[in-house]
Amino acid sequence: MSVSENLNSVRKNIPSQVTLVAVSKFHPVESIREAYDCGQRVFGESRVQELTDKVSQLPTDIEWHFIGHLQTNKVKYIVPFITMIHAIDSERLLQEIDKSAAKVNRTIDCLLQIHIAEEESKFGFSLDECREFMASGRWKQMPNIRLRGVMGMATFTENETQVRREFELLSHFFQEVKEKWFADEASFSEISMGMSDDYRIAIESGSTMVRIGSTIFGNRQY
Ligand SMILES: *Cc1c(COP(=O)(O)O)cnc(C)c1O
């Protein structure tokens, strides 16, 4: 199957109000261009060097999303062009993005990464850490970032019940944060959850953004 055929079959499974982020990490610019030629404009990458290399070779109307763990010392390389950063996992990272974005006069859309999976992971706020950070109000003093929602990854398991439970947890947490801190702000609207193996469950659980790689581009060549 070609990239365009894969892309079209994925699209059939995604309601029009859900944003498809085509995750192109480890795939060549030719594959991205093929998806672009089918009308895809939102692409996700997770490594800074790879992303900046690709950006310079591709059309400027692509909306780039950074979906991986981002180190603070690399923020400055992507801030001039990035549309959204999905995996904000510390206040320090958010502060660095704010500072760096101010220098280039931009406001960057950011999602708070929430640790919802049962399995151990170094990344993401716990629910309570995130609640505390929101209550601190310090995010209000960062004019060059815009909090747009939350992002999470379910446990890598065949157990659909567990995956669904984790996605629903993220959905409920989004509602909680929305009601408490963004009740009057339409821009806090995104729940980024769902990858190739679990995006259907994610959509049923309220996802507004799915990040799909291998189902569109095939297996990654590491
Ligand atoms: C790689 C990656 C994806 C895409 O994964 P697939 O299983 O290939 O769809 C989604 N989200 C994040 C954070 C990733 O790193």
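1. Ring pairs link Trp-139, Phe-174, Trp-181, Phe-182 and Phe-188 into a cluster, where rings of Phe, Tyr and Trp (its six-membered ring) pair if their centres lie within 6.5 Å, with planes under 30 degrees apart counted as stacked, over 60 as edge-to-face and the rest as tilted. By this rule the count comes to six aromatic pairs.

2. The model is predicted, so that local features need pLDDT of at least 70 and side-chain atom pairs count only at pLDDT 80 or more, while totals for chains, interfaces and linings use all residues. Residues are numbered from 1 along each chain as its sequence is written, and side-chain values use heavy atoms, with hydrogens and water left out.

3. One of the aromatic pairs joins Trp-139 and Phe-182, whose ring centres lie 5.2 Å apart with the planes at 40 degrees, so this pair is tilted. Because Trp-139 lies in the loop between α6 and β6 (145-151) and Phe-182 in the loop between α7 and β7 (190-192), the pair ties together parts that are 43 residues apart in sequence. Both Trp-139 and Phe-182 are buried, that is, under 20% relative accessible area, as against exposed over 50% and partly exposed in between (1.4 Å probe, protein chains only).

4. Phe-182 also pairs with Phe-188, in a stacked arrangement with 4.1 Å from centre to centre and 0 degrees between the planes. Phe-188, like Phe-182, is buried.

5. Helix α6 (residues 127-136) packs with helix α7 (residues 160-181) at an angle of about 15 degrees, the axes being 12 Å apart; axes are lines fitted to C-alpha atoms, for helices over the stretch in contact, and angles run from 0 to 180 degrees between N-to-C directions. The two helices, α6 and α7, are therefore roughly parallel to each other, given that angles under 35 degrees count as roughly parallel, over 145 as roughly antiparallel, 65 to 115 as roughly perpendicular and the rest as oblique.

6. On the α6 side, Leu-127, Cys-130, Arg-131, Met-134 and Ala-135 meet Leu-169, Phe-173, Glu-176, Val-177 and Trp-181 of α7, contact meaning heavy atoms within 4.5 Å. The residues of this contact of α6 with α7 divide into eight nonpolar, no polar and two charged.

7. Helix α1 (residues 3-12) and helix α2 (residues 29-37) pack at about 50 degrees, with their axes 9 Å apart, and α1 and α2 are therefore oblique to each other. Val-3, Ser-4 and Leu-7 of α1 make the contact with Ser-31, Glu-34 and Ala-35 of α2.

Notes
Helices (H or I, at least four residues) and strands (E, at least two) are DSSP runs, numbered from the N terminus. Ala, Val, Leu, Ile, Met, Phe, Trp, Tyr, Cys and Pro count as nonpolar, Asp, Glu, Lys and Arg as charged, and the others, Gly among them, as polar.
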